[in-house]
Amino acid sequence: MIRNYPGFPDGISGDELARRLSNQATLFNAGFIINRAAGLTPRGIGYSVRLADGAEVICRSAVITTGAAIRRLGIHNVDRLAGKGVAYGTTVSEPEALTGEDVVVVGADPSTGPAAVALARHARNVTVVLRGGTDVSLSADLVKQIERTRNIRVRVNSQVVDAYGESRLEGVIVRHRVSGTTEAVGVHGLFVLMGAEPGSAWLKGTAERDQDGYLLTGPDLESHQARAQAWPLDRAPLWLETSLPGVFAAGDVRHGAESQVSVAVHEGAIAIMLAHRYVREQAAIGVGAIG
Ligand SMILES: Cc1cc2nc3c(=O)[nH]c(=O)nc-3n(C[C@H](O)[C@H](O)[C@H](O)COP(=O)(O)OP(=O)(O)OC[C@H]3O[C@@H](n4cnc5c(N)ncnc54)[C@H](O)[C@@H]3O)c2cc1C
């Protein structure tokens, strides 16, 4: 449920919002191709986007909005209880909803520690389950803060291997990775914070990405020295422009993304304006039709 998107004070589900947006885009004559982009190559004065079925889309400019897919545990019972006590994400929203409950947090994402601390202000007990040790997953400051927090327990070398509950989460099974012992932990909240995988694998080696695979754009591109050298034009890259002139990125796939729908929509609108500007400028300097 998206609760912070402007104009929907009662919230709206991501599916419903996406459906409404695509209907609206259709009314404005946007064309849709339901397929997966598999590659992008410079072609003449523009680009060729290769689709998974081998078809090609030729364009002068492109805006990439392939997002980032939340990493999941891949456990059937955990997925079955998503939205019924199990939450996947990169942050914990509304921790006060778990007031008085027992909660488990899984993952070694940078958000794991702050999420545990935020939850501990409301929940009765918070158990952080880490595959490795605290040294690899949490900053020293955060470890100290967690140690000082009475109702946070950290279980290292452990993983959640199952969940139980019919209509809502009742508990999880935690396995110790060294001893192999398993234990049922009764909880009503499970937060899986394992980060996200940017949808940019299809651009590897084509557009410059950061170490985690997020697309570098504009000033971020310039601040990476090696990447700056890869930029081919005299002018600096525009704000949302990737290392490929005229190819823009918006939303969660972009380095430094805020992971919010309103920001993704805002960036998408700006990226489209910049794409129009790019095409106009190309025309003004007399660059011809796509070959
Ligand atoms: C559980 C959860 C809860 C959230 N709650 C909130 C919230 O309450 N408020 C909020 O503001 N934000 C929330 N977010 C974040 C928000 O969903 C994202 O920030 C936003 O959807 C980003 O939009 P996007 O267009 O960049 O990417 P996405 O919405 O992820 O869209 C990317 C699309 O590209 C498609 N795609 C990927 N690769 C390819 C390819 N190669 N070819 C073709 N298509 C491709 C994907 O299938 C997907 O449809 C939440 C996210 C999650 C996971």
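**Notes on the predicted model**

1. L130 counts as buried, because its relative accessibility is 1%, where buried means under 20% relative accessible area, exposed over 50% and partly exposed in between, computed with a 1.4 Å probe and protein chains only. L130 is placed in the loop between β8 and α4 (134-137), the elements being DSSP runs numbered from the N terminus, with helices of type H or I and at least four residues, and strands of type E and at least two. L130 and S158 are 28 residues apart in sequence, while their C-alpha atoms are 5.6 Å apart in space.

2. On provenance, this is a predicted model, in which local features need pLDDT of at least 70 and side-chain atom pairs count only at pLDDT 80 or more, whereas totals for chains, interfaces and linings use all residues. Residues are numbered from 1 along each chain as its sequence is written, and side-chain values use heavy atoms, with hydrogens and water left out.

3. An open sheet of five strands runs in the order β6-β13-β7-β8-β9 with parallel pairing, where two strands pair if DSSP finds at least two bridges between them. The edges are held by β6 (86-88) and β9 (152-155), each of which has a single partner strand, so one side of each is left without a neighbour in the sheet. From one strand to the next the twist averages 20°, with axes taken as lines fitted to C-alpha atoms, for helices over the stretch in contact, and angles running from 0 to 180 degrees between N-to-C directions.

4. Within this sheet, strand β7 (residues 102-106) is joined to strand β13 (residues 189-192) by four bridges, the two running parallel, and V103 has G189 as its bridge partner in β13. Strand β7 is also joined to β8 by five bridges, again in parallel, and here V105 stands opposite V128 in β8. Four of the five residues of β8 are buried, so β8 is largely enclosed by the rest of the structure.

5. Helix α3 (residues 112-120) lies across β7, β8 (125-129), β9 and β13, and runs at about 165° to β8; contact here means heavy atoms within 4.5 Å.

6. Which order do the strands of the three-stranded open sheet follow, and in which sense do they pair? The order is β10-β11-β12, with antiparallel pairing. The edge strands are β10 (158-164) and β12 (182-186), each pairing on one side only, and neighbouring strands of this sheet are turned by 30° against each other on average, direction ignored. Strand β11 (residues 171-176) pairs with β12 in the antiparallel sense over five bridges, and V174 stands opposite E183 in β12.

7. The ligand is surrounded by 19 residues, the closest being N4, A37, D252, S259 and V261, where a residue is near a molecule if one of its heavy atoms lies within 4 Å of it. A nitrogen atom of the ligand is 2.7 Å from an N or O atom in the side chain of N4, and an oxygen atom of the ligand is 2.8 Å from a polar backbone atom of D252. For V261, too, a polar backbone atom is 2.8 Å from an oxygen atom of the ligand. The protein covers 56% of the 1000 Å² of accessible area that the ligand has on its own, areas coming from the Shrake-Rupley method with a 1.4 Å probe.

8. Most residues other than glycine have a negative phi. S259 has a positive phi of about 55° although it is not a glycine; this residue sits in the loop between β15 (247-249) and α8 and is partly exposed, with a relative accessible area of 44%. N157, also not a glycine, has a positive phi near 50°, lies in the loop between β9 and β10, and counts as partly exposed because its relative accessibility is 29%.

9. E258 is found in the loop between β15 and α8 and counts as exposed at 55% relative accessibility. The C-alpha atoms of E258 and A284, which are 26 residues apart along the chain, are separated by 35 Å. E267, by contrast, counts as buried at 5% relative accessibility and lies in helix α8 (residues 261-284). Leaving aside residues up to four places away in sequence, E267 touches W239, L240, A250, G251 and R254.

Notes
A polar contact is a pair of N or O atoms within 3.5 Å; within protein, one must be able to donate a hydrogen and the other to accept it, and residues adjacent in sequence count only if both atoms are side-chain atoms.
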